[in-house]
Amino acid sequence: MKLAITGLTACSGCQLTLLNCEDELPELLARCELVYFPLAESGNKLEVQFDAAIVEGAVSTPKDLELLFRLRNASKVLVAYGTCALFGGVAAMNNMTCSRHDLLQAVFGAAEKLPESFAPAPLANYVSVDAVVTGCPPEKQEIAELLAALAAGTLPPPRSYPVCTECRSRENLCLLLEKNELCLGPVVQGGCNARCPATGIVCEGCRGPVREANVAQELELLLERGFGRDEIERRMSRFKPEWDYGQRH
C-alpha cells in the first residue's frame, strides 16, 4: 500500500502523533510504503499514484489548495486527519470575528506585502473526503485503526457517541451537572476515553461535534446554568468556528 502523509496549515502535531506510534511503526512499514512524508523524510516527490493520502491541517493558502488538489487526484482514498482537517480547528477560530487582513497585520505588522492567505477551512470544502480521524491530536488507537483498515482495503468505522458516554463508563463525576462547570462533553465526539474530564478538566471540544449533536439543547442547558452566550460560543468555536445554535435568544 502506497501512502502519502502530509500537512497543510497546522502545527504538525497530528503527524508527530503518528510518528510517536513507535511500537506499531515496524509493522506499519512492513505493510505500507511511505512514498510521500515530508515531515519524516526529505526528497519526497508527488509524481506517483497513492493508495491513500492522509492529510493534516486546514486549507488557508493557494499553496495548500494546490497540494490538496494534487493529493486528491493522485489518491484512491483521502483521509482528513485531525480536527483542523475536519473542521478548521484552532487556525479557523477567529474566522467569524476578524477579517483575514486584520489577522495577517496582527502577525506580520504593516508590511508592504502580506502573505496571500484566506480564511482557514476544512478539506471537505474543496474536495471529497473518504475517511476522517478527528482529534487535536488524534488518539494513537485511532491512528492504528485507520492504518489497519487501509491496509485491509477498507475504511475505519466512524464513532458516533459523545464524550459523556465515556465519562459515564469511567464513572467520572459530571463536571457540568454536578460541579456547574462549562463542559462540552454532551456535544463533542468521543474516542478519547474522556481524557480531560477524568482528571477534573472540562471538555474543551478538541474533537469537534459528535454526529447529530443537539447543540440547541446544550446551549439552553448552559444558559440555564448561568453561563453567558458569548462565553459559550467563544468556547465552542475554539476548534470549530461554525455551529448551528438554533434560534438566537
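## Aromatic pair

The structure holds 1 aromatic pair. In this pair, the rings of F118 and Y126 are tilted, at 6.5 Å centre to centre and with 55° between the planes. Rings of Phe, Tyr and Trp (its six-membered ring) are counted as a pair if their centres lie within 6.5 Å; planes under 30 degrees apart are stacked, those over 60 are edge-to-face, and the rest are tilted.

F118 is partly exposed, with a relative accessible area of 25%, and Y126 is likewise partly exposed, at 31% relative accessibility. Here buried means under 20% relative accessible area, exposed means over 50%, and partly exposed lies in between (1.4 Å probe, protein chains only).

## Basis of the model

This is a predicted model, in which local features need pLDDT of at least 70 and side-chain atom pairs count only at pLDDT 80 or more, while totals for chains, interfaces and linings use all residues. Residues are numbered from 1 along each chain as its sequence is written, and side-chain values use heavy atoms, with hydrogens and water left out.

## Lysine over a tryptophan ring

K240 lies over the face of W243, at 5.9 Å from the ring centre. A charge is taken to sit over a ring if NZ of Lys or CZ of Arg is within 6 Å of the ring centre and within 35 degrees of the ring normal.

Q15 belongs to helix α1, which covers residues 13-19. Helices (H or I, at least four residues) and strands (E, at least two) are DSSP runs, numbered from the N terminus.

Q15 is buried, with a relative accessible area of 3%. Leaving aside residues up to four places away in sequence, Q15 touches I5, T6, G7, F37, L39, E56 and Y81; contact means heavy atoms within 4.5 Å.

## Backbone features in loops

The peptide bond from C136 to P137 is cis, its omega being near 0°. P137 is located in the loop between β5 (131-133) and α6 (140-151).
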